[in-house]
Every structure is written in C-alpha cells, then in structure tokens.
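Here is a short briefing to read with the model open beside you. Take a look around first, and then we can go through it topic by topic.

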Amino acid sequence: MKLNYLFPNKYKKIGWLLFIPSAIIGLATLIFEFEPNSLDFNVPAIFIDEFFGDKHFMGIVNNNILNEILAVLIILSSLLVAFSKEETEDEYISKIRLESLVWAVYLNYAILLISFLFIFDMSFLWVMILNMFTILLFFMIRFNCQISKLKKSTRYEK
Amino acid sequence: MKNSIKVERAKKNITQADLAALAKVSRQTINAMELGKYVPSTVLSLRLAQIFEVEVSQIFTLEETDWD
C-alpha cells in the first residue's frame with residue numbers, strides 16, 4: 001500500500017539530529033530565560049496586544065527571536081522524526097503508528113486536563129508552552145518503544 | 001481469526017525473513033500474524049496466498065469470536 005503522507009526514511013535520522021540539540025537548548029533558554037540582545041529584532045506581527053496599550057491587527061513589534069527559531073526547529077524536527085517512514089513501512093507498522101498517535105492524544109489531553117484544574121496563573125504559562133510540543137513528543141516515545149519492542153521480540157525467532 | 005501461515009511456511013521450507021521479503025513486509029509483521037496478533041489486509045492475504053500457491057481460505061479461517 002502506498003502511503004503519501006509520510007516522509008522518506010532518511011529524514012528520520014535528520015529529524016533526530018535536529019531535534020535533540022534544539023530541544024535541549026530550547027528547554028535551557030526557557031528555564032534560564034536566556035534572551036541575547038543580538039537577537040532583538042523588529043518583526044511583523046498579525047495581532048498585537050500590548051501590556052499598556054490597545055489591541056490591534058497588523059504591525060511591527062520588537063521581539064527576541066531566539067525562542068521563535070528554537071520552536072520552529074523543534075516542531076519541524078519532531079514532525080520529521082514522528083512522520084518519517086520506517087525502514088520497511090508496512091500495514092502493521094501503520095497500525096502501530098495510528099494506535100500510538102491515539103494514545104499520545106489521550107495522554108496529552110489527560111495531562112492538560114489535570115493541569116487546567118490544578119495549575120494556575122503564571123505557572124500555567126509553563127503548561128501552555130510545553131503542551132505545544134508534548135503531543136508529538138509522547139507520540140515519538142510511544143511509537144519508537146512499540147517498534148523496538150517488536151524488533152526485540154522477533155530477533156530470535158526463525 | 002486463525003491462520004496456517006507457519007504451516008505453509010514449513011511446507012515451503014522458508015524462514016520468516018524469507019517470507020517477509022517475498023511478501024514485501026517487515027519480518028515483525030509475519031511474526032505478529034503467526035502469533036495471531038495482527039490480522040492482515042485483503043491485499044496482504046492475497047499476496048500470501050499467491051506465494052504459497054493456495055486459496056486465501058486455506059490459510060485463514062474464521063473463529064466464533066470473529067462474529068462478536
């Protein structure tokens with residue numbers, strides 16, 4: 001069966017190579033609130049809601065673009081890792097892929113529900129930031145665990 | 001659903017890896033089917049039948065629980 005919504009297998013490795021460093025650096029900049037002045041730029045914005053100003057559409061804002069760069073890298077690389085074909089992508093692998101995706105969505109929203117109820121104010125900002133990436137992260141973990149479990153279980157069979 | 005893939009494979013004297021290559025699927029898939037963990041699609045069933053040179057119904061048989 002031809003699947004045209006997956007990337008070729010080689011992109012998985014590229015995805016991992018980009019994902020791991022950008023995730024580590026991303027988390028570090030988030031924790032230490034690292035915003036180098038050299039990356040402050042005036043950038044176009046679609047919607048602007050200033051702290052002590054009014055709300056309006058379309059304009060220019062001054063922004064540190066480090067978090068944008070890292071978020072784009074993390075999202076694109078995790079898409080590559082998550083949705084690249086396996087070496088032999090067949091219908092059983094597709095089934096595991098789908099099950100893992102459903103599992104990841106359930107887990108993600110379970111955690112989000114709990115966070116809604118028990119995490120408040122500025123702490124919730126953390127939840128929102130991390131939640132942007134966790135669906136794909138949970139999927140990647142689940143799917144790769146399932147695949148490696150499968151490979152282990154067939155290694156010794158004739 | 002029961003299947004006789006393992007039996008047919010023994011008749012032809014080929015390994016799981018050989019059959020996987022012939023059917024163009026991964027070895028894990030062959031293994032999962034033999035263990036009854038995975039029910040193949042119609043296309044894969046027909047491929048297996050052609051490889052073993054038998055009818056599909058000779059490889060796969062329905063069980064009572066398949067009607068639940």
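How many residues of domain 1 of chain A are in contact with domain 2 of chain A? Ten residues of domain 1 touch eleven residues of domain 2, where contact asks that C-beta atoms, placed from the backbone, lie within 7 Å. This is a predicted model, in which local features need pLDDT of at least 70 and side-chain atom pairs count only at pLDDT 80 or more, while totals for chains, interfaces and linings use all residues. Residues are numbered from 1 along each chain as its sequence is written, and chains are lettered from A and ligands numbered from 1 in the order in which they are written.

**The two domains of chain A**
- Chain A splits into domain 1 (1-84) and domain 2 (86-158), with bounds from an automatic or database domain assignment.
- Their C-alpha centres are 20 Å apart.
- Helix α2 (residues 66-82) of chain A gives five residues, the largest share of the domain 1 side that touches domain 2; helices (H or I, at least four residues) and strands (E, at least two) are DSSP runs, numbered from the N terminus.
- That side of domain 1 holds eight nonpolar, two polar and no charged residues; Ala, Val, Leu, Ile, Met, Phe, Trp, Tyr, Cys and Pro count as nonpolar, Asp, Glu, Lys and Arg as charged, and the others, Gly among them, as polar.

**Helix packing in chain A**
- α1(A) and α2(A) pack at about 145 degrees, their axes 8 Å apart; axes are lines fitted to C-alpha atoms, for helices over the stretch in contact, and angles run from 0 to 180 degrees between N-to-C directions.
- Among the residues making this contact are W16(A) and F19(A) of α1(A), and L70(A) and L73(A) of α2(A).
- The contact divides into 13 nonpolar, seven polar and one charged residue.

**Where chain A meets chain B**
- Eleven residues of chain A are in contact with 14 of chain B.
- On the chain A side, α3 (91-118) and α4 (121-154) are the elements that give two or more residues.
- This side of chain A has four nonpolar, two polar and five charged residues.

- Just after α3(B), G36(B) has a positive phi of about 75 degrees.
- P36(A) sits in the loop between α1 (10-32) and β1 (40-49) of chain A, and P36(A) counts as exposed because it has 9 C-beta neighbours inside 10 Å.

How values were computed
Contact = placed C-beta atoms within 7 Å. Buried ≥ 20, exposed ≤ 12 C-beta atoms within 10 Å, placed from the backbone.
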